[in-house]
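Here is a short note to read alongside the model. Please keep the view open as you go through the points.

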Amino acid sequence: MTLLLHRIRLDTANRGVARASAGDHHRMLTKALGPLPSSSGQGARQAAGLLFRDETTRAGRCLIVQSQTPLDHSALGPGYTLDASRDISAVLEVLDQEPTLRYRIVAAPVKRLGKTKQQRELRTEDGERLSSKEHTTALRGAAAEEWWQRKAEDHGLGLRSVNAGEAEDTADPRRGIRLPAVCFDGLATVTDPQAARRALTEGIGRGKAFGLGLLSLAPGE
């Protein structure tokens, strides 16, 4: 499998870029994907292994994009510049050595609550008591870290350290979608190479079409 990592520089002075939502970025990146297998039976994002994350660094704001096919830079909108693309497929083989690696992910820690006949004690951020209907609630603080601990173990990573930082919630106003986001980084040891490979190529958690779930791994310690 070929795994490519791209960095797209964002010109935040461009009004279109400044106003773009995560959903807008997803639609733009989907158009920029190369030819896909016609019989894959999957959506374009899944077939191309498309995952992305909006980051702000010292050099400015950019999109970190991972895919299994090249991106057509001419399909990116005004204000978007493809700065670099590189093949990172070798990391898939390194996982078999069960190394200790640095990780980074912006994910959506949420919990789904089913219907109940009893009155709930949980309240919304506005102080209103949750109804007895089904809900998906955002996890914050220690609850979010516990969520990430469980997800990491399920995906073949034994966490040795966790730093949890606030990230801007992701949204797609056109589809009425808004998801919480938390940035996790630290050190982890690969405990299940096959599960870790799936996490690397398919992402973790909800909101993969909205800039969440991209797992980045790099040599650690």
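1. Helices (H or I, at least four residues) and strands (E, at least two) are DSSP runs, numbered from the N terminus.

2. A word on the ground rules. This is a predicted model, in which local features need pLDDT of at least 70 and side-chain atom pairs count only at pLDDT 80 or more, while totals for chains, interfaces and linings use all residues. Residues are numbered from 1 along each chain as its sequence is written, and side-chain values use heavy atoms, with hydrogens and water left out.

3. On confidence, pLDDT is the predictor's confidence in each residue, from 0 to 100. The chain averages 89, and 88% of the residues score at least 70. Strand 7 (residues 135–138) has the lowest confidence, at a mean of 78, and strand 8 (residues 157–159) the highest, at 97.

4. Strand 12 (residues 182–190) runs antiparallel to strand 5 (residues 100–107), and eight bridges join them; here Val106 stands opposite Cys183. Strand 8 is also antiparallel to strand 12, with three bridges, and Leu159 has Ala188 as its bridge partner. Four bridges link strand 12 to strand 9 (residues 163–166), again antiparallel, with Asn163 opposite Asp185.

5. Next, the pockets. On a 1 Å grid over the protein atoms alone, a pocket is an open set of points where a 1.4 Å probe fits, with protein on both sides within 12 Å along at least five of seven lines; lining residues have an atom within 4 Å of a point. The largest pocket has a volume of about 720 Å³. Its lining has 28 residues, and Leu5, Arg86, Ser216, Leu217 and Ala218 are the closest to its centre. Domain 1 (4–87) and domain 2 (92–219) both contribute to this lining, so the largest pocket lies between them.

6. The second largest pocket holds about 570 Å³ of space. Of the 27 residues in its lining, Asp54, Arg61, Glu168, Asp169 and Thr170 are the closest to its centre. Elements that give two or more residues to this lining include helix 1 (15–19), helix 2 (22–31) and strand 10 (170–172). Domain 1 and domain 2 each supply at least three of the lining residues.

Key:
Pairing = 2+ DSSP bridges. Points joined across faces, edges and corners; volume = space filled by probe spheres on them. Domains from an automatic or database assignment.
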